[in-house]
Amino acid sequence: MRILKHLFEKNKKWAEKMKKSDPDFFLNLSQQQKPEYLWIGCSDSRVPANQIVDLLPGEIFVHRNIANVVVHTDLNCLSVIQFAVEVLKVKHIIVCGHYGCGGVKAALENKDHGLIDNWLRNVKDVYRYHQNKIDSIQDEKEKINKLCELNVIEQVSNVCNTTIVQSAWKNGQELDVHGWIYNIEDGILKDLNVCITNNEEMTKIFNLK
Ligand code: CO
C-alpha cells in the first residue's frame, strides 16, 4: 500500500473537529508553542503522552525511546532536554515508565535480541545496581514491574545530573523533575514520589554524598 488513505481521512476529520471547537486553534499554535512539560517516555504505542494526561497539541514537549532511558551521551535526548529547558523554559520534566515494558523485560532476559541489546544495556545496569532486591522477587511479572519502577527512578537521577538541569538550577530556574509510572492494564498513572526540584533534594533522595 503506497498511500495510507485511511490515515489522511482520519487526519482531515480530526483537523475539522479541532477547528470546530476552536476556530483559531491551529492559527494560535502556528505562532508559538509554550508547553509547561517535557515528557520522557517509552516508545510503546500503548503509552501516548498527550492522551494519557489528556493534553492538547502544544501543551507537552515529548521525547520517547525504548524503555524511557536517559543516557548521558545520547545527543538526541540531551538536545530535547536542552531545548525544552533553555528555550521553551518548561517547568516540569516527567520521566514516565510503564508496567510490563517490553524493553525492561528483554533487559532481564539472557537472550540475544540483536542491536537493541546495546541500548538495553542501560537497563541491565539498573538491574545490576538493584540485583538483590530484584532477585528476591519470585513472581516474574512482579520482577519486571519492580525493574520498570527502579528504571524510572534511575532515569530521573540521570536527568537531574545532566549539565542542562544542573545549570538551570544553578541559575535559579524553576524546574521540577518527576518520576511516574503508567499501568497499561487500567490506564492509571502513579507518582513514584521522587520529585526533585533542586540539588539538595537530589542528595537526599538518591543518598549521594
Ligand atoms: Co516500554
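In what order do the 5 strands of the open sheet stand? The order is S2-S1-S3-S4-S5, and the pairing is mixed. The legends below describe a predicted model.

**View 1. The open sheet and its edges.** The sheet holds 5 strands in mixed pairing. Strand S2 (60–65) and strand S5 (188–191) stand at the edges. Each of these two has a single partner strand, so one side of each is left without a neighbour in the sheet. On average, neighbouring strands of the sheet are turned by 25° against each other, direction ignored.

**View 2. Helix H4 on the sheet.** Helix H4, residues 75–87, packs on the sheet. The helix touches strand S1 (37–42), S2 and strand S3 (92–98). The direction of H4 makes about 170° with that of S2.

**View 3. Strand S4 between S3 and S5.** In the order of the sheet, S4 stands between S3 and S5. S3 and S4 run parallel and are joined by 7 bridges; Ile 93 has Val 177 in S4 as its bridge partner. With S5, strand S4 (residues 176–183) pairs in the antiparallel sense over 4 bridges.

**View 4. The hairpin of S4 and S5.** These two strands form a hairpin, with 4 residues between them. Gly 187, in the turn, has a positive phi of about 75°. Within the pairing, Trp 180 stands opposite Asp 191 in S5, and Tyr 182 has Leu 189 in S5 as its bridge partner.

**View 5. Side chains of S4.** How many of the 8 residues of S4 are buried? The count is 8 of 8, and the strand is mostly covered. Asp 176, His 178, Trp 180 and Tyr 182 point one way from S4. Val 177, Gly 179, Ile 181 and Asn 183 point the other way.

**View 6. The cobalt site.** Which residues coordinate the cobalt ion? Cys 42 through SG, His 98 through NE2 and Cys 101 through SG do so, at 2.0 to 2.3 Å. Along the chain, the donors follow the spacing C-x55-H-x2-C. His 98 and Cys 101 are both buried. Strand S1 (37–42) includes Cys 42 and strand S3 (92–98) includes His 98.

Notes: Residues are numbered from 1 along each chain as its sequence is written. This is a predicted model: local features need pLDDT of at least 70, side-chain atom pairs count only at pLDDT 80 or more; totals for chains, interfaces and linings use all residues. Side-chain values use heavy atoms; hydrogens and water are left out. Two strands pair if DSSP finds at least two bridges between them. Axes are lines fitted to C-alpha atoms, for helices over the stretch in contact, and angles run from 0 to 180 degrees between N-to-C directions. Contact means heavy atoms within 4.5 Å. Donors are N, O and S atoms within 2.8 Å of the metal (3.2 Å for Na, K and Ca); water is not among the atoms, so sites may look incomplete. Buried means under 20% relative accessible area, exposed over 50%, partly exposed in between (1.4 Å probe, protein chains only).
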